[in-house]
Amino acid sequence: MSAIRTALVIGGGIAGHTAAMALQKAGVEASVYEAYPSPADAIGGPIALAANGVAGLRVIGAESAVLDHSYPISRQATQIGAKTIGMPSLADVPAMRIILRRELYAALHELAAERGVETHYGKRLVAADETGAGVTARFDDGTTATADLLIGADGVHSTARRLIDAAAPGPKYTGMLSVDGWSPLEFGDPDVMYFTFGQKAYYLYWRHPEGGTVWGANLPQAEPMSVRDARAVASERWRATLLATYGADSPGGDLIRSTPPERLSATGALFIMPSVPHWSRGRLVLVGDAVHAPSNSSGQGASLSIESAVELAKCLRDAASVDEAVAAYETLRRPRVEGIARRANRVNQTKAPGRLGRAMAAALMPLIIKAAMDPEKTFGPDLRYRIDWDERVAAR
């Protein structure tokens, strides 16, 4: 039985509610504390969950949170200029699942609530006080909560990370904003996600199984913008900004021009996390984007958060102490998440290659894919990763 009996989970997103349910499975009573005053039901566009992320939810019996609200995309292609190059894949690995972030949030919250996990809203963490027996979280409304362990699942702008290490690096702005939408026009083949290098910037699109085309843009911008500020900008202003970048692209310009205003959504700056030196301190530990947020080029951000939440719970189940548990957790997770982040960062640097870079990429991409893109070597370790819940975690 776990030496840790209770936990405070700071953050009610994907990592937070997954961690709470995984902890419950491990015999740890967990409560979730979310800074927002209510569930973030209206925030977030489509995200992709890889096979390993869905498998992580399956460990805790939460796979339905994805499968009931998503659809599969099994093929991918890269477009540069007039060239469309099919990407190799692993035929025996389940397809990625496309789901709206808000629907995944809501489904995980509902499932956690059904299992007795309490979520407290309007609880913004400001400090944490440790004793030999536990940790007390202090919130900006003057309330407190105490447990054996505090788990920071509070995203890239994590307060828990700063409490663990005041000198910890913060998130790095990628120089791009995330904007997405749906057009009634249909481009491309069904079941294919197209990663497209436009004349000025990168975008992607795919056919929705119920009709129309979903698209997402990584819009270059010198300064970051918060979710709140991005959502305050009128859709027509976003359309004009997008057309200045993608208007001459095909099908990018047509997709943007045909998107109804109510189906265009901006969700703010895209950030990545550099390597975080300290994942834990005493009775505080980090999980998800608070400690590892790779570029969206990885297609693994949400999936890695799910994995880490489950792995942390497993380590807490098997360890004789908090120190032993968090040491095992970091040893198991750091090499995997940082390796994926490094590979994604290399891809991220090509998303606005310029005219010369675009021409070179168009000429070289087929050769690169043929020579270097061994799908088993490139994707296999990421997509085939599975957590064996029944296997005991050895002390580290």
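Two residues are in contact when heavy atoms of theirs lie within 4.5 Å. The model is predicted.

**Ser 308**
- Helix α9, spanning residues 301-318, contains Ser 308.
- Apart from neighbours within four places in sequence, Ser 308 has contacts with Val 287, His 292, Tyr 329, Arg 333 and Val 337.
- With His 292 there is a polar contact between the two side chains, at 2.8 Å.
- Ser 308 is classed as buried because its relative accessibility is 0%, and the cut-off for buried is under 20%.
- Arg 342 lies 34 residues from Ser 308 in sequence, and the C-alpha to C-alpha distance between them is 18 Å.

**Largest cavity**
- The count of cavities of 30 Å³ or more is one.
- The volume of the largest cavity is about 40 Å³.
- Its lining consists of Tyr 203, Trp 215, Ala 217, Tyr 246, Gly 252, Leu 255 and Ile 256.
- Both β16 (213-220) and α8 (252-258) supply at least two residues of this lining, and α8 gives the most, with three residues.
- By class, the lining of the largest cavity has six nonpolar residues, one polar and no charged.

**Second largest pocket**
- The second largest pocket has about 520 Å³ of volume.
- Its lining comprises 24 residues, and Pro 46, Leu 100, Arg 102, Trp 182 and Arg 263 are those nearest the centre.
- At least two lining residues come from each of β7 (96-100), α4 (101-114), β13 (172-183) and β17 (264-272).
- The lining of the second largest pocket divides into nine nonpolar, eight polar and seven charged residues.

Conventions: Residues are numbered from 1 along each chain as its sequence is written. This is a predicted model: local features need pLDDT of at least 70, side-chain atom pairs count only at pLDDT 80 or more; totals for chains, interfaces and linings use all residues. Side-chain values use heavy atoms; hydrogens and water are left out. On a 1 Å grid over the protein atoms alone, a cavity is a set of points where a 1.4 Å probe fits but cannot get out, and a pocket is an open set with protein on both sides within 12 Å along at least five of seven lines; lining residues have an atom within 4 Å of a point. Grid points are joined across faces, edges and corners, and a volume is the space filled by probe spheres set on the points. Helices (H or I, at least four residues) and strands (E, at least two) are DSSP runs, numbered from the N terminus. Ala, Val, Leu, Ile, Met, Phe, Trp, Tyr, Cys and Pro count as nonpolar, Asp, Glu, Lys and Arg as charged, and the others, Gly among them, as polar. Buried means under 20% relative accessible area, exposed over 50%, partly exposed in between (1.4 Å probe, protein chains only). A polar contact is a pair of N or O atoms within 3.5 Å; within protein, one must be able to donate a hydrogen and the other to accept it, and residues adjacent in sequence count only if both atoms are side-chain atoms.
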